[in-house]
Amino acid sequence: MGDHAPVAAEEYDYEGLPPNFTLVENMAAGAFAGIAEHTLMYPFDLLKTRLQVLNPSPGGLYTGVSHALSTISKAEGIGSLWKGISSVVLGAGPAHAVYFATYEAVKHAMGGNNGNEHHPLAAATSGACATIASDALMNPFDVIKQRMQVHGSVYRSIVQCTRTVYRNEGLAAFYVSYPTTLCMTVPFTALQFTAYESLSKVFKTRKGYDPVTHCGAGALAGAFAAGLTTPLDVIKTLLQTRGTAKDAEIRSAKGIFRAASIIKRQHGYAGFFRGLRPRIITTMPSTAICWSSYEMAKAYFIRHQDD
């Protein structure tokens with residue numbers, strides 16, 4: 001960082017960024033956080049997708065998380081719990097790099113790094129902007145991931161899946177769920193970031209990197225946001241996996257309202273909370289890993305910026 005004047009750690013608020021913290025360092029911290037989060041929690045994400053699918057193929061009907069885990073492990077092998085993970089690894093790094101870079105830039109622009117005061121509006125706005133930017137990049141990878149996750153999936157690689165979906169359904173198939181994704185992730189991220197910033201202020205007992213605080217605040221913030229946005233996640237799953245459905249009505253679903261009406265008619269209001277438990281089980285450690293990994297990487301760059 002030769003052109004930057006060194007900034008001592010005690011001279012700025014750790015929760016903000018030091019003046020010479022570069023965009024590349026911030027994006028690297030975000031990419032590290034994204035890959036760590038999605039890789040470690042991927043099996044639970046697969047279980048969530050399997051439980052959310054309406055009218056699954058024979059052998060893909062599960063009564064709960066433990067039943068799904070044991071059934072999949074016995075019938076398909078333990079390795080099947082990571083089916084489609086390559087799509088997430090490829091997409092999560094760049095998407096989270098954009099995610100956290102946008103988050104820090106908007107938060108700084110709105111004065112969210114000024115002093116030790118709580119800035120809920122800055123946190124919510126920066127979170128919403130971050131997810132709009134990152135989801136535009138991640139959505140196609142998420143579609144491929146879920147197509148490979150469903151029971152009976154014929155796809156063996158992300159290349160095969162991408163070519164088949166593009167050939168049979170066109171480019172629009174990779175973004176048919178994008179409006180729904182934003183309807184879910186914008187409030188999810190706004191809720192999560194606001195809760196995380198609030199809880200971090202409450203829990204933190206010392207300056208600098210505090211893994212216990214970051215893990216605890218991240219987990220609770222993630223659970224809170226995940227629970228409230230589960231209905232939209234169910235709708236997103238229906239739209240992203242419609243190409244694998246046997247039900248003609250589901251295969252022709254286009255848009256959030258059409259998907260919602262199908263779920264309501266076939267499963268009632270309870271259908272909007274399919275996969276709630278694995279979603280929360282996945283999200284709590286995921287957000288804990290994501291935030292603590294991001295803060296750890298940020299702390300690393302801060303410590304080494306004088307080198």
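How do the residues of the lining of the largest cavity divide into nonpolar, polar and charged? They come to 12 nonpolar, 13 polar and nine charged. (Ala, Val, Leu, Ile, Met, Phe, Trp, Tyr, Cys and Pro count as nonpolar, Asp, Glu, Lys and Arg as charged, and the others, Gly among them, as polar.) This is a predicted model: local features need pLDDT of at least 70, side-chain atom pairs count only at pLDDT 80 or more, and totals for chains, interfaces and linings use all residues. Residues are numbered from 1 along each chain as its sequence is written, and side-chain values use heavy atoms, without hydrogens and water.

**Fold**
- The chain has 11 helices and zero strands (DSSP runs of H or I, at least four residues, and of E, at least two).
- Of its 307 residues, 53% are buried (under 20% relative accessible area, 1.4 Å probe, protein chains only).

**Largest cavity**
- The largest cavity holds about 760 Å³ (on a 1 Å grid over the protein atoms alone, a set of points where a 1.4 Å probe fits but cannot get out; volume is the space filled by probe spheres set on the points, which are joined across faces, edges and corners).
- Of 34 lining residues (an atom within 4 Å of a point), Glu37, His38, His96, Thr185 and Phe188 are the closest to its centre.
- Helices that each supply at least two lining residues include H1 (23-40), H4 (85-109) and H7 (178-203).

**Leu220**
- Leu220 sits in helix H8 (residues 211-240).
- Leu220 counts as partly exposed because its relative accessibility is 43% (the class between buried and exposed, the latter over 50%).

Technical notes:
1 Å grid on protein atoms, 1.4 Å probe; cavity = no way out; pocket = protein on both sides within 12 Å on 5 of 7 lines; lining within 4 Å.
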